[in-house]
Amino acid sequence: MLQGKRWSMILVLLCGVVTVAGASDDSTAIRLNSLGFLPDMPKKATLTTQGSDFSVRRVTDDAVVYSGKLTGPHQQQDVGQEVWFADFSEVNTSGRYVLDVPGVGRSIEFPVGGDVYDFAFSAAMRGFYLWRCGTAVEGVHNGNRYAHAACHLDDAWQDYIGFPNAKRDGTQGWHDAGDYGKYTVCAGVTVGTLFMAWDHFHEQLKGRSLELPDTAPGWPDFLKELKWEIDWLLKMQYPDGSGKVSHKLTRLDFSGFIMPEDDKEKRYFTDWGSAATADFTAMTAMAARHFKPYDPNYAEKCLAAAKTSYAFLQANPADKRPDLTGFSTGGYGTSDPDDRLWAAAEMWETTGDAPALADFETRAKALRRLIEADWDWGNVSNLGVLTYLFSQRPGRDPELVERIRTALKETADQIVEQAGRDVYARPLGGRYYWGCNGDVARQAVILQAAHKLSPRPEYLHTILDAVGHLFGRNYYGRSFVTGLGHRPPMYPHDRRSGADGVEAPWPGYVIGGGHRATDWKDEQDDYRTNEIAINWQAALVYALAGFVQPEAN
Ligand code: 9MR
Ligand code: ZN
């Protein structure tokens, strides 16, 4: 098996304990981060049943290591609940514990330790590897083998870009989500967020093995995985040298729940769009910068592609939507000013070109909000603004920089406040919509950025609130990430998971979440609330990356 034994053994150890301990009904009234807690960070649980005192017991000998009083009740309308809090932040010795609340019961077991998020980080990042298109993939998780044969090797046909019955190489990249399409705009926020994770945390990440096949010898695994996506993206640029970039590469409609290698319908490069072209520019400009130390020639190729598309955008300023007539696959329709702003920022950061700087600054000054609190594929201006803010290059407009600093701090402070008001410490507050779990995780980007600028412990605490929420401190008392934590999703809207005959779904993936606080359904058909997607996954990887420990290889 390609993925070594070590991987599966760690898994059995980590997942086994949590799942077994979670079996009792009592435990469901006590909602907490089932991955556990870092020693010196806050530790809180939300209880949906009234109690008064609680204690924390060490699993090895049942000794009480901490006692406290519950606080509450607290009410919250969107979940329709009255809840109580247990704060056991003082438990900062590594070990395994359980919360014991007389009259309520015992919680699931949870660890305290410096490494409690390491495995989840690796599993989440390996989710991208398992999403690879154009190759066979395999991995072992919790004793199950997940695998598919090489898929979509016929990518793709050019009928919709002016060459009927002509095929051109469009292989590689990641499948988008629970479907097997490949979409440039969704790749944008995904790759942008992942490069930012590398930028902010490469010291922790560079030594971590993700046990990937060696598709880029000598590269750190994290970047190796990103290269697989960039390899595909480079093929999305029109072959005519114009710099236009196809909006997506998909079939005309979604396939049924079959394995990717059995999905044989024709797939097409679609018409170009200016948002896709701008996102392509930003991604390839970032790739040029981050890949340069590992392969200067490849970096040069990325930069040349970025320059071509950027020049095209400059010469064609209109917001051009792709013509997707005939396709019923994902739309990802979006206006382009934020994408163009991001492209300008990355072009400037990579090349230092003055016109790109001016382009960025003009666009930034026209923004309604310099920092967006709530963002995803539809608005990527934060990616450009943060690149500009943290740039070491000379020439920035000091007044604009100052306004961004202020906006960043204000927005981060608001996020902290929102998490503080929510009974499950959800940093998005009461906003629920398609894919909002991804945005719960994505709050980490603004919070980390603010923390770099002017450190405040609450910024990190609130990221951990987001992580805690996704792994069990929530209305359902369940993990929202497949294969990890307590009672994770079992029936995500994911074609591989539905078709491979393995009972447990493909591991490491965050599901989109309810559109109301209480309407998540762990059902395969519920693509609205129970799908997985690369953009949400990248946010989860970013959130966890800030807390992993460096690992020497
Ligand atoms: O994440 C997208 C969400 O914001 C949209 O509201 C939704 C409907 O257009 O589409 C979501 O993206 C899906 C994409 O269109 C196709 N692949 C699966 C994506 C996740 O559900
Ligand atoms: Zn594929």
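Rings of Phe, Tyr and Trp (its six-membered ring) pair if their centres lie within 6.5 Å, with planes under 30 degrees apart counted as stacked, over 60 as edge-to-face and the rest as tilted. This is a predicted model, in which local features need pLDDT of at least 70, side-chain atom pairs count only at pLDDT 80 or more, and totals for chains, interfaces and linings use all residues. Residues are numbered from 1 along each chain as its sequence is written, ligands are numbered from 1 in the order in which they are written, and side-chain values use heavy atoms, with hydrogens and water left out.

**Exercise 1. Aromatic pairs**

Task: Find which residues are linked into a cluster by ring pairs, and classify the pairs Trp348–Tyr388 and Tyr476–Trp520.

Solution. Step one: the count by this rule comes to 30 aromatic pairs. The rings of Trp348 and Tyr388 have centres 5.9 Å apart and planes at 50°, so this pair is tilted. The two residues come from distant parts of the chain, Trp348 from helix α7 (residues 337–351) and Tyr388 from helix α9 (residues 381–390), 40 residues apart; helices here are DSSP runs (H or I, at least four residues) and strands likewise (E, at least two), numbered from the N terminus.

Step two: Tyr476 and Trp520 form an edge-to-face pair, at 5.1 Å centre to centre and 85° between the planes. Tyr476 lies in the loop between α12 (457–470) and α13 (495–499) and Trp520 in the loop between α13 and α14 (527–530), so the pair ties together parts that are 44 residues apart in sequence.

Step three: the cluster linked by ring pairs consists of Phe195, Trp219, Phe291, Tyr294 and Tyr298.

**Exercise 2. The zinc site**

Task: Identify which residues coordinate the zinc ion (ligand 2), and state the geometry of the site.

Solution. Donors are N, O and S atoms within 2.8 Å of the metal (3.2 Å for Na, K and Ca), and because water is not among the atoms, sites may look incomplete. The donors are Cys133 (SG), Cys151 (SG), His152 (ND1) and His175 (NE2), at 2.0 to 2.4 Å. Four donors count as tetrahedral if all angles lie between 85 and 135 degrees, and with angles of 102 to 117° the site is tetrahedral. Along the chain the donors follow the spacing C-x17-C-H-x22-H.

How values were computed
Four donors count as tetrahedral if all angles lie between 85 and 135 degrees; four count as square planar and six as octahedral if opposite donors are over 155 degrees apart and all others between 65 and 115; anything else is irregular.
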